[in-house]
Amino acid sequence: MASGSENEDGNREGASWRLIGPASELSKKRCRLMHSSLGHDSDVCLFYVKGEFFAMDARCSHSGGPLCEGDIEEADGVLQVFCPWHDYDFDLRTGKSGTSLQQQVYEVKQEDGNVYVKHASRLSLQPFPVDQKS
Ligand code: FES
């Protein structure tokens, strides 16, 4: 058994930069759903708003609403997404909500024209094959 090696996939402690794709493509849509290799509960939204990318957990921390489908508004320079289910607001930059809920956000960087998100699991614009049956 190998010791001291890091399991890149599914290691919650060690978030790594995950290549998502070219910024020129990803910026064509306001939001993309990124599938997590850890399962649907860990899927992430990649927002592109006002020339900037933001990443946050795709399922609302209230009751799991799809934040990718939420409206985005700016108030006093703060960009917020509104959950389509109960209209709770979340700051795209910090994940904070006026409701005191906190949505997990992730760092995003651009390098050589590509977008990367720092996350503990692999992220993919395509769903991962389902190999577990319950
Ligand atoms: S599920 Fe998002 S506000 Fe209720």
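The mean pLDDT (the predictor's confidence in each residue, from 0 to 100) of this predicted protein model is 90, and 87% of the residues reach 70 or more. Residues 1–12 stay under 50, and the model has 11 contacts beyond four places in sequence for them. Two residues are in contact if their C-beta atoms, placed from the backbone, lie within 7 Å.

Because the model is predicted, local features need pLDDT of at least 70 and side-chain atom pairs count only at pLDDT 80 or more, while totals for chains, interfaces and linings use all residues. Residues are numbered from 1 along each chain as its sequence is written.

The protein has 1 helix and 11 strands, in the order β-α-β-β-β-β-β-β-β-β-β-β from the N terminus. Helices (H or I, at least four residues) and strands (E, at least two) are DSSP runs, numbered from the N terminus. Of the 134 residues, 28% are buried, with 20 or more other C-beta atoms, placed from the backbone, within 10 Å of their own. Among contacts between residues at least 6 apart in sequence, 48% join residues at least 24 apart.

| Strand | Residues |
|---|---|
| E6 | 78–82 |

E5 and E6 pair in the antiparallel sense over 5 bridges, and Ala75 stands opposite Val78 in E6.

Technical notes
A residue is buried if 20 or more other C-beta atoms lie within 10 Å of its own, exposed if 12 or fewer, and partly exposed in between; C-beta atoms are placed from the backbone. Two strands pair if DSSP finds at least two bridges between them.
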